[in-house]
Amino acid sequence: MNAQAPRTVKTTCPYCGVGCGVLASRQTDGSVTIKGDPEHPANFGRLCSKGSALGETLSLEGRLLYPQIGGVRASWEDALDLVATKFGAVIAEHGPDAVAIYGSGQLLTEDYYVANKLMKGFLGSGNMDTNSRLCMASSVAGHKRAFGSDTVPGCYEDLELADLVVLVGSNLAWCHPVIYQRIAAAKLARPEMKVVLIDPRRTMSADLADLHLPIAADGDVALFTGLLAALATAGKVDADYVARHTNGFVEALEIAEGWTLERVAAATGLAASDVQAFYDLFLANEKVVTVYSQGVNQSATGTDKVNAIINCHLATGRIGRAGMGPFSVTGQPNAMGGREVGGLANMLAAHMDFGDAAARDRVARFWQAPRLADKPGLKAVELFEAIEAGRIKAVWIMATNPVDSLPEADRARKALKSCDFVVVSDISIQTDTGACADVLLPAAGWGEKDGTVTNSERRISRQRAYLDLPGAAKPDWWITCEVAKRMGFGAGFGFENPAEIFAEHAALSAFENEGSRDFDLSGLTGLSAADYEALVPVQWPVGDVPAKRMFGGGQFYTPDGKARFVAVTPPEPRRPKPGHFILNTGRVRDHWHTMTRTGKAARLSAHMAEPFAELHPDDAARLKVAPAGLVRLENDLGAVLVRALVTDRQQRGHVFVPMHWTDQFAANARVDALVTARTDPHSGQPALKMAEVRVRAVKPAWYGFAIARQRPELSGLDYWALAEAHGGVRLELTGMDDPGDWEAFVRQVFDIADDAALLSVHDSRSGRHNFALFENGEVVFALFVSPEPVAVSRQWAVSQFAEDHPPATRAAILAGRPGADMPDVGAIVCSCFSVGVNSIAAAVTEGGCLSVEQVGAALKAGTNCGSCRSEIKGIIDAHRLEAAE
Ligand code: SF4
């Protein structure tokens, strides 16, 4: 990073859909400090662990800095010419539906807008889809079925005002931590506030819950259909509201009435008493917000789940009022912005649809589009199937990694490798998707690009640049416009900056709107460049309609202005085949998507440094899985090899594997390779939380743990997982065979020269082998090998590279043992202050700390971003009895 003038900007976090405001300050030495923006209405100064560590993800290591053609550095002229020529040639020969753009919720709204305009207005195909299809397409479809528009009715404040917050398929504590903290603070202030968690796993969000319902996978439609019946039976339906503002209640209730408590309990795998307890809470509290995210959306019945939830809110008129409403929280920072521009293949633009001839005519006139697409394009899974079948011959992938994130991910990789022409715009030089590209285009990253994002409460915020563009990197909007110009569309893409794009986007939202469409930025159409630069976070619509909450007046965007109940039928409970587990996938607290950014931060990797499979203790015992042993998960689609994490938070017969690990960070942990490409019939969203796998214990011949100053090449090992550490990397590795000549093996795998003085100790009785290499008195490499999982303290070992760490003796490092004066802090729980599990446990058992606040006072843990507070509480609970002895 070059030395630049000090500067602080107000910008927005690039990770989850909470959309927290960030104050980013660039110092003269090039370092960056990050703080929460106290004035941003999403977070009021809070940041979670990921947001707090943003400054540690900005190094240029691993950045794609120049265009590449066929793996060779190229000029922008050549790369852009090639993309334009190839796309033009494919369209000329095979028609517009033979090309596609696959975008991302990481794109800024302005980037999204021009990509969508190019594909749907000028190339003439609907084939512009996005990884948001994998995230919240079912919420979009559910909203449109119920409201006639893709509208999130409420705002974050409702979560604080509610008397009951229901979390469905949503691990807010880890996936939307700042919203979680806002709810936690509200509950602390009003202990009578209730929280219900509906999730197959007892996730960290259960810490806040008065009631946890460990629901069977895809049991949600049955649970909320039963709730609709219970509301009717208890006389809680708001008959006046239903009559005046809705349609379809009778049909929905007719199905619901067949769902007795017992039937719901059988379909959901829940105790009838627990179901009743949840229903009682919903009946007793008028102010209810039902929050849902990927556990609802990522399902073959996701849209029905959304409508089953909305049905209950419509029946009680609990929508558009303070502290009430269904609330979809998006996974990505700009999933909402993508929806607004029309970035999903079944949308046209600005909340207008392909199916509306007047809308097509309106958009074509507004864009002066020569060739407006007349039908929806292919949704993500279909789109990659079309690539596989050779129907799509040129694809441009922007800011996403489908080779890792799509279901049947190995098939997606094969499809891309077989595609005639693949363009990838990204910030990283090495991704699993980029490895399939004919052309790589270096995109601007967070901190370098300018534009807007929209968060889960419809709030548009600026992302502002405060760093120079590195190398030849360019913003995505610029790259798209340059290709468009080369294809002869200069008149439609002559934008000079993102402010001009935003102005056109706002103008399209207002064009011939007159209150007919919810997405309306008419109040922002006249923004000057200076206004755009100074834009403060604002909720849409920005026009005549109050934006804080939608639908409070009972008016919806359907032809008759009434909301629609959807008569959903709960699916048959899905039981796995004998001998199979249900595989659930998701996120961990400190990593984001495929780790291209969070994987750079040692602090974030310290929380969970390798991929894992979360198993119930009974299953682990039955499968003879050793503590910290390895497990292989496999099905007809593929296999992964990961570490076992045995915990009673998991249900029997279920296994959870995080989605983050790619071939860049582990030997074999791309879990979406195991997920079937089964999709929801309404939304096209794949069922990423419901696959079936066989699980078996794997007993390697040896386990290893290593620290190294440089990242080694690790091909050929059966298992490895690499994570950043301060000043180097840390590695877990294993092998199925004893290499015999250990020293030769270590020198070869870690590329250690023959004349380098590699120290080693071997214990033939225990089968342990330790190695260390020192340069100028400092350790540069150490490896600890054992027939059992290696017991060396990871935190002690990785701290050897830290600049401020007192050097351990050669003997201590070679032995893999800290001295008595250096206690093992254990796995890191609090990323902000590097406080480990052992330190927290000691504070409980020896220091008498029996609350999160007391642990915070003693160790500072949990006192900054607060993302670890639920884990701290779990450690306190686990050691409470010991402390009392
Ligand atoms: Fe970023 Fe965390 Fe806020 Fe999400 S909750 S926007 S990841 S700081």
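Reader: Which residues of helix α19 are buried?

Author: Keep in mind as we go that this is a predicted model. Start with a general idea: an α-helix has 3.6 residues a turn, so residues three or four places apart point the same way. Now look at α19, which spans residues 409-418. Its buried residues are Ala409, Ala412, Ala415 and Leu416. They sit on the same side of α19, because the arc they cover around the axis is only 115°.

Reader: Which residues are on the face turned away from that buried side of α19?

Author: There you find Lys414 and Lys417, and both are exposed.

Reader: What covers the buried residues of α19?

Author: The cover includes two helices, α17 (380-388) and α18 (402-405). It also includes two strands, β16 (394-398) and β17 (421-426).

Reader: Let's go on to pairs of helices. How do I read the angle between α8 and α14?

Author: The general idea is to compare the directions of the two axes: angles under 35 degrees count as roughly parallel. Helix α8 (220-233) packs against helix α14 (residues 302-315) at about 15°, and their axes are 8 Å apart. The two are therefore roughly parallel to each other. Their crossing is left-handed.

Reader: Which residues of α8 and α14 meet?

Author: From α8 come Asp220, Val221, Phe224, Thr225, Leu227, Leu228 and Leu231. They meet Asp304, Lys305, Ala308, Ile309, Asn311, Cys312 and Ala315 of α14. Sorted by class, this contact has nine nonpolar, two polar and three charged residues.

Reader: At what angle do α3 and α21 cross?

Author: Helix α3 (residues 109-123) and helix α21 (residues 498-510) cross at roughly 65°, and their axes come within 9 Å. Angles of 65 to 115 degrees count as roughly perpendicular, and α3 and α21 are therefore described that way. The crossing is left-handed. On the α3 side, the contact is made by Thr109, Glu110, Tyr113, Val114 and Lys117. On the α21 side, Pro498, Ile501, Phe502, Glu504, His505 and Leu508 take part. Six residues of this contact are nonpolar, two are polar and three are charged.

Reader: And how do α2 and α20 cross?

Author: The axes of helix α2 (residues 76-94) and helix α20 (residues 476-486) come within 9 Å and cross at roughly 60°. That makes α2 oblique to α20. The crossing here is right-handed. Trp76, Glu77, Leu80, Asp81, Val83 and Ala84 of α2 make the contact with Trp478, Ile479, Glu482, Val483 and Arg486 of α20. By class, the contact of α2 with α20 has seven nonpolar residues, four charged ones and no polar ones.

Reader: Now the backbone. What is the general idea for phi and for peptide bonds?

Author: Most residues other than glycine have a negative phi, and most peptide bonds are trans. Aspartate 218 is not a glycine, yet its phi is positive, about 65°. Look for aspartate 218 in the loop between β10 (211-213) and α8. Alanine 350 also has a positive phi, near 45°. Its place is in the loop between β14 (347-349) and β15 (352-353).

Reader: Are aspartate 218 and alanine 350 buried or exposed?

Author: The cut-off for buried is under 20% relative accessible area. At 18%, aspartate 218 counts as buried. Alanine 350 is buried too, with a relative accessible area of 2%.

Reader: Which residues does the cis peptide bond join?

Author: The cis bond joins tryptophan 540 and proline 541, with omega about 5°. Proline 541 is in the loop between β21 (538-539) and β22.

Reader: Could we finish with single residues? Where is arginine 575?

Author: Arginine 575 is in the loop between β22 (563-564) and β23 (581-586). With a relative accessible area of 55%, arginine 575 is exposed. Apart from neighbours within four places in sequence, its contacts are with Ala266 and Glu692. Arginine 575 and leucine 508 are 67 residues apart along the chain, and their C-alpha atoms are separated by 48 Å.

Reader: How many residues apart are glutamine 748 and glutamate 713 along the chain?

Author: They are 35 residues apart along the chain, with 9.7 Å between their C-alpha atoms. Glutamine 748 belongs to helix α25 (residues 742-749), and at 62% relative accessibility it counts as exposed.

Key:
Residues numbered from 1 in each chain as written. Predicted model: local features only at pLDDT ≥ 70, side-chain atom pairs only at ≥ 80, totals over all residues. Heavy atoms only, no water. Buried < 20%, exposed > 50% of the residue type's maximum accessible area, 1.4 Å probe, protein only. Helix = DSSP H or I, 4+ residues; strand = E, 2+ residues; numbered from the N terminus. Arc of directions from axis to C-beta. Contact = heavy atoms within 4.5 Å. Axes fitted to C-alpha atoms, helices over the stretch in contact; angles between N-to-C directions. Parallel < 35°, antiparallel > 145°, perpendicular 65-115°, else oblique. Left-handed = near helix turned anticlockwise from the far one by under 90°. Nonpolar A, V, L, I, M, F, W, Y, C, P; charged D, E, K, R; others polar.
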